[in-house]
Structures are given as structure tokens and as C-alpha cells.
Amino acid sequence: MDGGQARGLGLRVGASGLNQRALRLVGGRLPALTGGWMPWLALSRYPVPTLPGPDWVRVRPLLAGICGSDTSLLTGRASPILSPFASFPAILGHEVGGVVEEAGSALEAWAGARGVGDPIISCFVRGLDPCPACRDGLPALCRHAADGSISPGMLIGYCRDLPGAWSEAMLAHASQLHRVPDSLSDETAVLVEPLSCSLHAVLAAPRLPGEKVLVVGGGTIGLGVVLALRMVDPEADVTAVVRHPLQAALADRLGANRVVLDRGGDVLTGGFGLVFDGVGSRGSVDASLRVVAPRGRLVLLGTAGELEHLDLTLAWARELRVIGSYVYGREASLPGAPHTFDHLMDRLVQADAPPVADLVTHQFRLDEWRRAMGVATGRGRHASVKVVFDHATAYAGRD
């Protein structure tokens, strides 16, 4: 798939992959050591792949989000345990709303349509017989993320053969495509992927009668959990703990019953039967463990990795249930088992839907990537939530 004569601009990472343990040694000092952001990240020309078959399309990204998993990878905070299921160099970007510019013969109805893409690289994308997870509509648990003719990669943006959305053009398979309703803005469309992570977690851990719910984190994932709880369980008593004033205002707007601004101290006591940790840091997981009620549930959806000096005593002493939640897929608990993306968009087109587009706080051209990364990783300083690349605006270097 290195194919085609056309070349596009993309933000490429890694000449030969990233050594996470080496990055961790310098992670916090990277700007000082390099005089700027991430020397292994560069805007460069890449060959735009040709369509591999009739059930593929070429997509022009409109908006592409910067995910916390992307910045964790680039700063060395991501765990290396999944590195066998990624391949570099790669163009990052898995949060995307775009327009189909070229469609294979089996997908001609998609030509010119606006859509969002499920970035998971499933057995269907790889052209393999489906494993049990893919057959059940949960491709995030695919058993063949390093098999077939496509290079290893669990999702687009972490696979050298399938460029991500931090680019001018990317590919998508029929199984990954979800049409965006005309009434949804591009800003809402680019949020469908991260907000679906939150909705999937809420659907997988329904509140029990009488349980109080706590949401830890005011980034896109945490705020998405507040939104999802209001969609799924309007009567839930929801407390949100956030770190910055803008996050507090958004949590309140999205439906939290109460919002606690965390200034670095102990801000809560225990008693929450259901806690969603949308951060995944040592501090957030430690705080979450301390406030879950005995035999309560802690849902981890903040891509927690290696957490040094994390004390798990309360997990067994209080007989807690710790639940991992990754991304999205077919939601068996809903009528008709729709994909999370489609159910979310169906809810967001309703007249009483909250203004989720407000979560997109900053937009940058692709050639402004250094500024974009600084804003994305400096939430308090820049009052940022979701930072995106705007591909509709011309940028320096475009032919």
C-alpha cells in the first residue's frame, strides 16, 4: 500500500518507531532539550495510497482532533506494552470528520458524502476471516492486529500503511464508514470518536439503583461521560471533578449535578458506587480508588498505563470491581445493537441535544502543529479542551 503517484502533506512521526522507555527519560524536558516540540514529528510529503479495492474510499479530512493518546505517545508517557501492534513511520490522527473524494466501485454512493471513520483496523479492513471479536462487532478486541498484508496497527494513525487524519488524504474501508447527518456541524462530527468512547463506557457499566456517580476528569473523555450519563440515565446523581474553570463550566452545561474544582488537594470523601476515571494518571486513579464505595465499581477509560507507586490496597480491601473500557463498537444493550457512532449521532441531532461543539476550543492549520501541541498539552494555561487541525484553511507550503 505504498502506492499512488499523488503526494500529500502529513504530520509524520518516527523514522523507525518510537522507543517509549527512552522517551520517558526526557519526556517532561523535551521542549527545553530540543528547542521546540518533538524532533521526531515533522510535516512532510507522503505518497497518498491508491484505493486497495472496490470497498475502500479516499477521505479528505476537514477537522482532525489531537487525542490524549497521541500526546502520550509523543511525550513517552504511553506504555510500551502495545508496541507490537503499531508500525512506524506513521501519520497520526484517528479523530476525524471528512469528505469522501474518491470511492471504490462498491461504494459509489459515498462519493462526496461527509462521514466519520471508526479508526479500528479490524479483520474486515485487513481482508481476513473475522475473529470472534470482529464477528461480534467489537473490532477493538481484534485478535489479528499484526496479521495480513497491512502492517501492524490497532487503529489508523498507528499503522504505517494507513495514514491518519493529520494529513490531506487518508483511506477508509467500508466497515469503518459512518455517515454524518447534514444538521451536525464539522466541530460536532470530529467529536464523535472521543465521545463514543465515553458513551461505550457508560453503556457497559449502567448505574444501579441508588448509586451516586463520580466522573474524574474534565477533558473530552470525562466531559463525554457526563454527557453520556445524561443521555442514558437522566435521573443519575452525577458529580464531576475537574481541574480548570472552563472544564467546570462545560461539565455544568452538559448536565453534572455538581462540579468540584480540584486545586490539588483531597476534594472528596468516599461513597460513590460508580466512578469513571477519564484521566488515567497515577494521581487520578489513586484518588478514584479512595472514593469508590465498598464493592463499588471503578471504570478506567483514560488509557492508564504504567502508574508508578500506585497503591492498590483499597481495590482488594474494599472488594472493588475495576472495569476497563477502550473504545466503541456494536452496542448489544441497545435495541438493534447499533454502532456507538450511529447511536451518538442519532442523539446529537435531536432538538434538545447539548451544544457539544463547544468542546472544540482551538483550531490550527497543520503547519501550526507546534502551537497546536503546546495548547493541547497546556489545558490550564490555554483554557483548552479539544484542539483540532483545520484542513479547510490553506497553509504555508501547500502547492
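**Close-up views of a predicted model**

**View 1. Phe 85 sits in the loop between α3 (68-75) and β4 (90-91).** Helices (H or I, at least four residues) and strands (E, at least two) are DSSP runs numbered from the N terminus. Phe 85 counts as partly exposed because its relative accessibility is 34%; buried means under 20% relative accessible area, exposed over 50%, and partly exposed in between (1.4 Å probe, protein chains only). This is a predicted model, in which local features need pLDDT of at least 70 and side-chain atom pairs count only at pLDDT 80 or more, while totals for chains, interfaces and linings use all residues. Residues are numbered from 1 along each chain as its sequence is written, and side-chain values use heavy atoms, leaving out hydrogens and water.

View 2. Pro 132 is partly exposed, with a relative accessible area of 31%. From C-alpha to C-alpha, Pro 132 and Arg 143 lie 8.3 Å apart in space, and they are 11 residues apart in sequence.

**View 3. Trp 166 and Phe 389 form an edge-to-face pair, with ring centres 5.3 Å apart and planes at 75 degrees.** Rings of Phe, Tyr and Trp (its six-membered ring) pair if their centres lie within 6.5 Å; planes under 30 degrees apart are stacked, over 60 edge-to-face and the rest tilted. This pair links distant parts of the chain, 223 residues apart: Trp 166 is in the loop between α5 and β7 (170-173), and Phe 389 is in strand β16 (residues 386-390). Both Trp 166 and Phe 389 are buried.
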